[in-house]
Amino acid sequence: MIEAHLPILQVIIPLLAAPICVFLRHPVATWALTTVVSWICLAISIWLLQQVQAGGEIIYEIGGWAAPWGIEYRVDMLSAWVLVIVTSIGAVVMPYAKLSAEKEIDRDRLYIFYTMMLLCETGLLGITITGDAFNLFVFLEISSLASYVLISLSQDRRGLTAAYRYLIMGTVGATFYIIGVGLMYMMTGSLNIADLAKLIPDVAATRTIQAALAFLTVGLALKLALFPLHFWLPNAYAFAPSVVTVFLAATATKVAVYAFVRIIFTVFGGINILQSLQIQDLLAALAIVAMFAGSAVAIYQTNIKRMLAYSSLAQIGYIILGLSLNSVGGISAGLVHLFNHALMKGGLFMVMGCVVYKIGSAKLDDMAGLGKRMPVTMAAFVLGGLSLIGVPLTVGFVSKWALLQAVLDKGWWPVALLIVISSLLAVVYVWRVVEVAYFKVPSTAAMEKDEAPFSMVLPTFILISAAIYFGLDGTTALDIAGDAAATLVRGLK
Amino acid sequence: MEFSGLFVYWIIVALMMSGLYIVIAQNNLVKKIVGLNVFQVSVFLLYITMGKVTGGTAPILADNITVYSNPLPHVLILTAIVVGVATTSLGLALVVRIHEAYGTIEDDEILEQDDDA
């Protein structure tokens with residue numbers, strides 16, 4: 001009985017829990033509720049993934065209204081997998097959130113923090129599960145509005161301006177997206193993604209549809225922070241409370257990538273848009289520039305949260321490069337990297353959360369001697385950093401290897417070379433932190449062991465060890481991503 | 001036909017571009033939000049326009065009427081208006097807090113203060 005309603009429960013449980021948090025108000029009670037809800041969400045998403053693996057696509061008609069008139073939720077391999085990514089990050093972040101949020105957010109605003117975390121998760125899950133293009137916009141705005149509030153909860157006033165800039169850019173992006181959806185509706189009279197995929201090929205040659213594609217691409221590229229539309233991201237991640245950064249960095253851009261994949265490969269899959277409009281090269285070029293620009297700017301950052309944010313831009317470049325290859329290998333490499341990057345960047349930002357908790361700063365200079373002071377936390381940073389570089393036996397290696405293979409299959413060997421060179425840039429920025437933390441003698445601070453609390457170190461290690469585990473056993477994630485990519489490519493003609 | 005038939009679309013595009021221009025060019029944070037509103041309103045008009053069917057009336061069942069306008073875009077835009085109101089109020093709330101923290105709502109003065117810090 002309950003099994004049939006899993007898709008709607010996935011979204012509605014965190015949505016209903018959010019107003020309850022507002023009424024509860026008590027920081028510990030809201031935290032407990034949020035944590036329990038995030039675990040329930042994780043259980044539901046794993047259940048959904050198993051159902052999809054066993055029985056194929058799940059279609060859920062809301063209120064019993066059949067598509068294309070009603071709104072339907074559709075869970076296929078790809079969306080089930082992204083759901084698991086988002087909910088598992090949520091489930092790991094919430095236990096961590098308690099101490100970190102108490103430290104970095106004013107006490108009387110804590111309940112708002114938990115409410116917004118729930119709403120943000122609702123929005124992200126909704127984007128992933130919905131089968132309706134306009135419904136996707138609504139969820140996009142739910143998650144975005146929640147994340148603007150989350151960023152503005154920072155005690156640093158620069159968090160406010162970062163949230164404001166993100167609000168402006170994010171709203172322009174989302175509005176571009178609805179312009180695109182509106183133009184598609186003009187030509188097809190449908191908002192259902194599966195229905196659009198059938199109707200688009202007949203009208204694809206019109207100017208209206210081409211304009212729609214342009215608006216959708218630019219709008220979503222703003223949301224996923226593809227170079228050169230990334231200006232909102234570094235400050236938003238650097239000045240948000242650490243736990244917010246962990247959650248957003250590991251999920252928000254990933255879900256925007258998912259929405260992009262849906263538009264490019266599902267809605268416009270019938271006419272193989274990347275090839276027929278020749279935007280393949282453009283996307284690949286932007287992705288490569290992002291890889292280099294992101295890593296190069298990261299090297300010069302003195303705030304490590306900001307450095308990791310720039311490194312995220314580079315990693316988004318790898319994901320988009322994989323997608324732009326337009327082949328099963330490329331798309332699955334991109335999707336695997338989406339998962340892997342969520343693990344390692346989530347873990348690394350958690351390390352920074354622990355550091356900020358203990359020393360109250362994310363500046364490189366203040367991190368001198370941390371290797372001795374917080375050995376366990378910094379060990380997690382080193383492991384995460386190795387993964388970011390793409391050293392064998394880590395997840396970073398699995399996805400970069402898959403990406404290299406896909407690129408070589410296409411015969412783009414100069415691009416393969418560029419991937420390797422840009423990985424070397426990651427060595428530089430990770431090494432800067434390691435050097436300061438392990439080899440630089442601090443001027444004043446005590447050298448005694450002073451580790452972050454267990455409830456923060458444990459979630460950090462769960463993510464980092466997952467990053468190692470999936471690096472040793474790369475097949476699990478690769479298989480799922482391969483399945484998802486194969487389904488997408490089957491739609492291409 | 002070409003120009004006059006597409007008259008409404010010209011207005012929408014003009015509104016859309018002026019809104020976007022205000023967002024980009026204005027230095028004042030409140031004016032940026034106003035620009036964002038103009039930009040969003042142009043999209044509301046775009047949706048409402050496309051639902052109109054020439055000669056059609058409101059979609060209420062009645063005798064002698066066979067041509068109805070499409071109500072769906074209008075309903076969609078109700079949702080988008082709500083989202084727009086939420087965005088505007090949140091944006092303005094942020095401006096209030098920025099003013100409390102920086103003592104100004106001019107973008108360049110805020111940047112200056114951040115550079116000093």
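Q: How many residues of chain A and of chain B take part in the contact?
A: Chain A gives 29 residues to the contact and chain B gives 37 residues, where contact means heavy atoms within 4.5 Å. This is a predicted model, in which local features need pLDDT of at least 70 and side-chain atom pairs count only at pLDDT 80 or more, while totals for chains, interfaces and linings use all residues. Residues are numbered from 1 along each chain as its sequence is written, chains are lettered from A and ligands numbered from 1 in the order in which they are written, and side-chain values use heavy atoms, with hydrogens and water left out.

Q: What is the area buried between chain A and chain B?
A: About 3000 Å² is buried between the two chains, and carbon and sulfur atoms give 76% of that area. In chain A, the residues that lose the most area to chain B are Arg157(A), Tyr164(A) and Tyr185(A), which together make up 22% of what that side buries. Buried area is the accessible area (1.4 Å probe) that two parts lose on being put together, summed over both.

Q: What makes the pair Arg165(A) and Asp107(B) a salt bridge?
A: The N to O distance between their side chains is 2.6 Å, and the rule asks for a side-chain nitrogen of Lys or Arg within 4 Å of a carboxyl oxygen of Asp or Glu, so the pair qualifies. One salt bridge is found across the interface of chain A and chain B. Nine residue pairs across that interface are in polar contact, both residues being at pLDDT 80 or more. A polar contact is a pair of N or O atoms within 3.5 Å; within protein, one must be able to donate a hydrogen and the other to accept it, and residues adjacent in sequence count only if both atoms are side-chain atoms.

Q: Which elements of chain A give two or more residues to the side that touches chain B?
A: They are α5 (133–152) and α6 (158–188) of chain A. The largest share, 18 residues, comes from α6(A). Helices are DSSP runs of H or I with at least four residues, strands are runs of E with at least two, and both are numbered from the N terminus.

Q: Why is Asp76(A) called buried?
A: Its relative accessible area is 14%, and buried means under 20%, exposed over 50% and partly exposed in between (1.4 Å probe, protein chains only). Arg262(A), at 7%, is buried as well. Asp76(A) and Arg262(A) form a salt bridge, with the closest N and O atoms 2.8 Å apart. Asp76(A) sits in the loop between β2 (72–75) and α3 (77–104) of chain A, and Arg262(A) in helix α10 (residues 242–267), so the pair ties together parts that are 186 residues apart in sequence.

Q: Is Arg74(A) buried or partly exposed, and how do you know?
A: Arg74(A) is partly exposed, because its relative accessible area is 21%. Its salt-bridge partner Glu72(A), with an N to O distance of 2.7 Å, has 3% and is buried. Glu57(A), Glu72(A) and Arg74(A) are linked in a network of salt bridges.

Q: What makes Thr88(B) count as buried?
A: Thr88(B) has a relative accessible area of 17%, so it counts as buried. The residue is found in helix α4 (residues 72–102) of chain B. A polar atom of its side chain lies 2.7 Å from the backbone oxygen of Gly84(B). Leaving aside neighbours within four places in sequence, Thr88(B) is in contact with Ile33(B) and Asn37(B).

Q: How do you know whether chain B is spread out or a compact globule?
A: Chain B has five helices and zero strands. The radius of gyration of chain B is 20 Å, well over the 13 Å that the globule rule gives for 117 residues, so chain B is more spread out than a compact globule. The radius is taken over C-alpha atoms, and the rule is 2.2 Å times the number of residues to the power 0.38. Of its 117 residues, 34% count as buried.

Q: What does the globule rule give for chain A, and how does the chain compare?
A: For 493 residues a compact globule would have a radius of gyration near 23 Å, and the 21 Å of chain A agrees with that. Of the 493 residues, 64% count as buried. One buried residue is Ala380(A), at 0% relative accessibility, in helix α16 (residues 375–389) of chain A.
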